[in-house]
Amino acid sequence: MGQSLKKLAPGEEKKIKEIESIAEDVYKEHLENLTADTPKYSVFYRAICETVEKINVRFGNTQFRIPSAKEVEDIYHKYHNSKKDQPVTNEEFKKILKEIMEKSPGFTGFGGAKDTLIYVFGVPITTWFIKQQLIPRSISDDYFIPGVTSATVLLLAKLNKL
């Protein structure tokens, strides 16, 4: 599962480990202790929704959409069809979650991207206007604007907003 999640978080093993940890916790909470008389698919679907929700909360701005219930059910039966009276195993859960994330119809929650654009463009423009009013000739605009933009991007990166 970790190797396939690289496309969700390119180059960041820490995020991959956190996603795996979230999946493991949700599996233990919802699916580990199922009995033969427990409805399997409804519990499974709830576990998938909760996993995606926790990933969205943990990583902030970017949020994954869950495919339609029919698509999730098809993926569920693809990996768990032969064992209808058995609960989903941890490995099956990870494989199903991986495929659901790959088939995700996209992202939602672009409010974070909007905020980032406001910071990257708004802060340098605002500081430039303030500089022009207070000390217009102290620092050349050729150095001031890129410097403030770089500092803003650095701050956003440190705050995990990028």
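This is a predicted model: local features need pLDDT of at least 70, side-chain atom pairs count only at pLDDT 80 or more; totals for chains, interfaces and linings use all residues.
I started by reading along the sequence: the protein chain runs α-α-β-α-α-β-α-α. That makes six helices and two strands, taken as DSSP runs numbered from the N terminus (helices are H or I, at least four residues; strands are E, at least two).

Residues are numbered from 1 along each chain as its sequence is written, and side-chain values use heavy atoms, leaving out hydrogens and water.

Next I looked up helix H1 (residues 13–31) against helix H2 (residues 40–59). They pack at an angle of about 145°, axes 9 Å apart; axes are lines fitted to C-alpha atoms over the stretch in contact, and angles run from 0 to 180 degrees between N-to-C directions. Among the residues that meet are Ile19, Ile22 and Val26 in H1 and Phe44, Ala47 and Ile55 in H2 (contact means heavy atoms within 4.5 Å). I got 10 nonpolar, two polar and seven charged residues there.

Then I turned to helix H3 (residues 69–80) and helix H4 (residues 90–102), which pack at about 145° with axes 10 Å apart. Their contact includes Val72, Ile75 and Tyr79 of H3 and Ile96 and Ile100 of H4. By class, I noted six nonpolar, one polar and four charged residues.

Last, the whole chain. Of its 162 residues, 33% count as buried (under 20% relative accessible area, 1.4 Å probe, protein chains only). Among contacts between residues at least 6 apart in sequence, 64% join residues at least 24 apart.

Technical notes
Ala, Val, Leu, Ile, Met, Phe, Trp, Tyr, Cys and Pro count as nonpolar, Asp, Glu, Lys and Arg as charged, and the others, Gly among them, as polar. Buried means under 20% relative accessible area, exposed over 50%, partly exposed in between (1.4 Å probe, protein chains only).
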